[in-house]
Amino acid sequence: MTTSTLVSPQKEAKPPAQNRVVIAALAAMLLLAAVISQTVSTRMALLFATGSALGIVLYHAMFGFTSAFRVLLADGRSAGFRAQMVMLGVACLLIFPALANGSLFGQAVTGFVSPLSVSVAVGAFLFGVGMQMGGGCASGTLFAAGGGNTRMFVTLLFFIVGSVIGITHLGWWQTLPAHAPVSLVQSFGWPLALAMNIAVFVIAYRVVARIERARHGAVAPVLTIRGASWLRGPWPLLAGAIGLAVLNFVTLYLAGRPWGITSAFGLWGGMALQAMQVPVETWSGYSSPAMQQALAAPVLADTTSVMDVGIMLGALLAAGLACKFKPEWSISGKHLLASAIGGLLLGYGARLAYGCNIGAFFSGIASGSLHGWMWIVFALIGNWAGLYLRPLFNLPVPVRASAC
């Protein structure tokens, strides 16, 4: 991969941190960690802390998948996408040997390896459209909402609704043509699987860099230290890429499987329906023993739920430190409608595709699963289609990267 240019730091006056926001976020994080440790386990409390760290990394590095895909497809800007290739490379380097061994520091571990199916193709395409309509991916929705983006709360609400619908429909989608799951780690051994993946990452990195250079005359760096502050941000994209990869490795050790996000949304929706006396446990998709057990247990006993809450609180803390927690309550009707439609597509697509940009793409590829590569191909097609829908809702198609 090409070497990124370092930019000399410049002293810039920054507004003071929002102390009330910082104190509230820290208090909530410490209180919740203590409750989880006492009522569930210390390991679950550590997973909550890992989720909080993920939220900080996502916010301070503004590590957006949606915006990275948008500016790449619309204007040939590639820094975000290249950072993703670095992230995947580091994650595979860390995770492949552990998966091949079947354990990590004595903890049994397994990856996210799912079928190659019509369901994955359709789900990833719908998820891609939803990314551009809803304004975020799974990780982006959580960290943007936690950081004070009020529109993303609408996306998150309908993300949950779409997840519930997707769970109930998944059984039918699974009757369509599918190929058995393929693990490159199991098929070729981890050294060769790692070499194959790294080769693809390097090629993709160089191709998109050439596209950017051809269109703009230069390639934006993924490492810049201008105005950077480790406490208050912003962080270089490269730091975000490495941070997410390392924290996914930590998640693998603590949870016994990689990082995931969207399975919790279907669970939250099911729990909400149960609270309203809806017999959701009789519905298709919710009647399995695993789902029945999850519905009956406290939400803090669910690993993905605990980490998702951690992401939002970590982003809230980061926003307060950066003095950027400024919720905007005036949102146009068209933007709200786009968020609702996008959220539905995100939730439904994630369930069909066995995950989102994190569970299927990031952790899928880091698990050596071919379905992760299938996911990104169809998700990019969906993102491309979504770009043509954005103007209908007065959503711009930017030419400069921003957080999803």
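Let's start on the surface, where L157, V161, I165 and L344 form a nonpolar patch with about 280 Å² of accessible area together. For patches, residues need over 30% relative accessible area and no salt bridge, with like charges joined within 9 Å and nonpolar side chains (Val, Leu, Ile, Met, Phe, Trp, Tyr) within 5 Å. Areas are from the Shrake-Rupley method with a 1.4 Å probe, and for residues only the protein chains shown count as cover.

Before going on, a word on what we have: this is a predicted model, where local features need pLDDT of at least 70 and side-chain atom pairs count only at pLDDT 80 or more, while totals for chains, interfaces and linings use all residues. Residues are numbered from 1 along each chain as its sequence is written, and side-chain values use heavy atoms, with hydrogens and water left out.

Which helix gives the patch its largest share? That is α7, with three residues. Helices here are DSSP runs of H or I, at least four residues long, and strands are runs of E of at least two, numbered from the N terminus. V161 lies in α7 and is partly exposed, at a relative accessible area of 34%. For us, buried means under 20% relative accessible area, exposed over 50%, and partly exposed in between, with a 1.4 Å probe and protein chains only. As a reminder, an α-helix has 3.6 residues a turn, so residues three or four places apart point the same way.

Staying in α7, which covers residues 150–173, we come to R151. What R151 does have is the backbone oxygen of M133, 2.7 Å from a polar atom of its side chain. Beyond four places in sequence, its contacts (heavy atoms within 4.5 Å) include G134, I331, H335 and L395.

Now for α6, residues 138–146, where nine of the nine residues are buried. One of them is S139, at 0% relative accessibility. S139 touches L58, F65, W259, I261, N357 and I358, leaving out residues up to four places away in sequence. After α6 comes G148, with a positive phi near 105°.

How many salt bridges are there by our rule? The count is two. In one, D75 pairs with R77, the closest N and O atoms being 3.3 Å apart; D75 is buried at 15%, whereas R77 is partly exposed at 30%. In the other, E212 meets R82 at 3.4 Å, N to O. E212 sits in α9 (190–216) and R82 in α4 (79–101), so this pair ties together parts 130 residues apart in sequence. Both E212 and R82 are buried.

Last, some backbone details in the loops. The peptide bond from G233 to P234 is cis, with omega near -5°, and P234 is in the loop between α9 and α10. C323, not a glycine, has a positive phi of about 60°; it lies between α13 and α14 and is buried at 14%. Y354 also has a positive phi, near 60°, in the loop between α14 and α15, and is partly exposed at 24%.

Thanks, everyone!

Definitions and conventions: A polar contact is a pair of N or O atoms within 3.5 Å; within protein, one must be able to donate a hydrogen and the other to accept it, and residues adjacent in sequence count only if both atoms are side-chain atoms. A salt bridge is a side-chain nitrogen of Lys or Arg within 4 Å of a carboxyl oxygen of Asp or Glu.
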